[in-house]
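Here is a briefing on helix packing, pockets and cavities. Look over the model before reading on.

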Amino acid sequence: MIKQAIAPTRITLLPLLAALVLAGCATAPGNEPAPDTTAAVAAVAPAADSAPAADATTSTGAGTAVAEALDAAEARQAVGTPIDPLDPELKVDLDDATAQRDLWLRVRKGFAMPDLDTALVRKQEQWYASRPDYVQRMTERSGRYLFHIVAEVEKRGMPTELALLPFIESAFNPQAMSHAKASGMWQFMPATGRDYELRQNVFRDDRRDILASTRAALDYLQRLYGMFGDWQLALAAYNWGEGSVARAIARNEKAGKPTDYLSLRMPAETANYVPKLQAVKNIVARPADFGLALQPIENHPYFLSVPIQRDIDAALVAQLAGMPLAEFQALNPSLNKPVILAAGTPQLLLPYENAQQFVRTLPEHRGPLASWTAWVVPSTMKPAEAAKRVGMGEAQLREVNRIPPKMLVKGGSTLLVPRSAQRDADVSDHLADNASLALAPERLPGRRVVVKAKPKDSVASVARRYGVSAGAVAQWNSVSAGSAFQTGQQVVLYLPKATSTGKAKTRSAKAASGTRKAAATSGGRKVAQTGEATSKAR
């Protein structure tokens, strides 16, 4: 984990520029079209009053020269040397004949799973063959990611059919979200993602991260194969759950039936799962047999991993790398916000040529790298109040933090806000990994009343007097739970309709006292009856 970056005042001029030269990138892979999906990162610009400082190059004098030198040094220290994430020591020559060979040949060579030949396979083949435009979109999208997945699968000694699994899980769309809230290219459910260290918070969702989700999916598949000793059963468990497959196997064993994939009783989705993958495998192996043509994919990495040590705006990265923001988001789809946190996302994925341009142009950048930082809300408040405290418009705060109407922001929540003189530090490791946003309905229960504080009144004493919690009184009045009120200060309360003031409470207490006296004079029968009713209610 990259620690929080050193403040600009402590930066020293390190000779890193030579280390930022990208070796072995004579030619770049062909540009792939952006996926037909909604980008995850809202490109929301900070308000004008919090915009980055103007370019200092128009100034003159020694002070300006020093500032420019410090800016250049900060920019150089913001990134490391781009590498292949799978093999950092490998130098890739894109002019090599092997690099130009179609990746599909490599995929076919690694097929190792037993084939299925069933009516369900034929049905799935027909479905894909009748939708050539859909197949083309899928294969074009896969061009960004498939080399990395194939290399990771081969590195682990797994069959390359598994590299095709995102075709049937998400159509290679890393932004895909199912009705059951499974997300990403490999479609991880939230709980399973957490089991495999895919962090999900305000700033990022690692279920959508290309490197992290691929690592987690292959870890999970290897574990399932270890449990069942059969790739088809492992795939069924990936779709249906390991417990469900284990119970289906136990039922067949008890009945003296075979326990292979085709012999188990499964839901229709799982029964079609492996046949669907088999259909994709057959199309990759023999596309012409189905009247299809696969988009060629060159046999070299599409992207490099560029380490970062400072928070930086996504739009600025795209600008300096010379690429559309949508293409940057397609390679870095885990981002939930328009800023990349070095503490939580210590590396960026960029195509070869764009990585080279980024590390070359970043030292020339003047001004802040990040326009945003994180602010922890001290107490529950309305978005309008939060916006006022951080100096931004309410509409912008709602948009960048995805706060719906008529909701309160609960204390302890983390909001993304523009940087300012008071809030100019990079986001800490703890917030980058654990930030959360908790909301509550703005409409509060009961009737709103305003009372005047008595001498020596505090939040606690008012809460006791009106039978509500101190935390609620503090929230309603935007003070802390330990605060004291000034004599005569107006205090807002939300009370049950039957009790709107202290007088009503007093009347209620007097009535209760009278009832107890009446019960006592009648031999305690009323007390006994009341107790019986309360007992039944519990």
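Is the crossing of α6 and α9 left-handed or right-handed? The crossing of α6 and α9 is right-handed; a crossing counts as right-handed if the near helix is turned clockwise from the far one by less than a right angle, and as left-handed if anticlockwise. This is a predicted model, in which local features need pLDDT of at least 70 and side-chain atom pairs count only at pLDDT 80 or more, while totals for chains, interfaces and linings use all residues. Residues are numbered from 1 along each chain as its sequence is written, and side-chain values use heavy atoms, with hydrogens and water left out. Helices are DSSP runs (H or I, at least four residues), numbered from the N terminus.

**Helix packing around α9**

- Helix α6 (residues 146-155) packs on α9 at about 35°, and the axes lie 11 Å apart. Axes are lines fitted to C-alpha atoms, for helices over the stretch in contact, and angles run from 0 to 180 degrees between N-to-C directions.
- His148, Ile149, Glu152 and Val153 of α6 make the contact with Leu211, Thr214 and Leu218 of α9; contact means heavy atoms within 4.5 Å.
- That contact of α6 with α9 has four nonpolar, two polar and one charged residues. Ala, Val, Leu, Ile, Met, Phe, Trp, Tyr, Cys and Pro count as nonpolar, Asp, Glu, Lys and Arg as charged, and the others, Gly among them, as polar.
- Helix α9 (residues 210-228) also packs with helix α11 (residues 242-254), at an angle of about 15° and with axes 12 Å apart. That makes α9 roughly parallel to α11 (angles under 35 degrees count as roughly parallel, over 145 as roughly antiparallel, 65 to 115 as roughly perpendicular and the rest as oblique).
- α9 passes α11 in a right-handed crossing.
- On the α9 side, Tyr220, Arg223, Leu224, Met227 and Phe228 meet Glu242, Val245, Ala246 and Ile249 of α11. Seven of these contact residues are nonpolar, none polar and two charged.

**Helix packing of α4 on α12**

- The axes of helix α4 (residues 119-129) and α12 come within 8 Å and cross at roughly 55°. The two helices are therefore oblique to each other.
- The crossing of α4 with α12 is right-handed.
- Residues of α4 in the contact include Leu120, Val121 and Tyr128, and those of α12 include Pro275, Val280 and Ile283. By class, the contact has eight nonpolar, four polar and three charged residues.

**Largest pocket**

- The largest pocket holds about 390 Å³ of space. On a 1 Å grid over the protein atoms alone, a pocket is an open set of points with protein on both sides within 12 Å along at least five of seven lines, and a cavity is a set where a 1.4 Å probe fits but cannot get out; lining residues have an atom within 4 Å of a point.
- Its lining has 18 residues, with Glu169, Gln187, Tyr238, Asn239 and Glu269 nearest the centre.
- α7 (165-169), α10 (231-240) and α12 (268-285) each supply at least two lining residues.
- The pocket lining divides into 10 nonpolar, five polar and three charged residues.
- Gln187 sits in the loop between α7 and α8, and its phi is near 55°, a positive value in a residue other than glycine.

**Cavities**

- Five cavities of 30 Å³ or more are counted. Grid points are joined across faces, edges and corners, and a volume is the space filled by probe spheres set on the points.
- The largest cavity has about 90 Å³ of space.
- Among the residues lining the largest cavity are Trp104, Tyr128, Phe167, Val280 and Ile283. α5 (132-142) and α12 are the elements that give two or more residues to this lining.
- The cavity lining has nine nonpolar, one polar and no charged residues.
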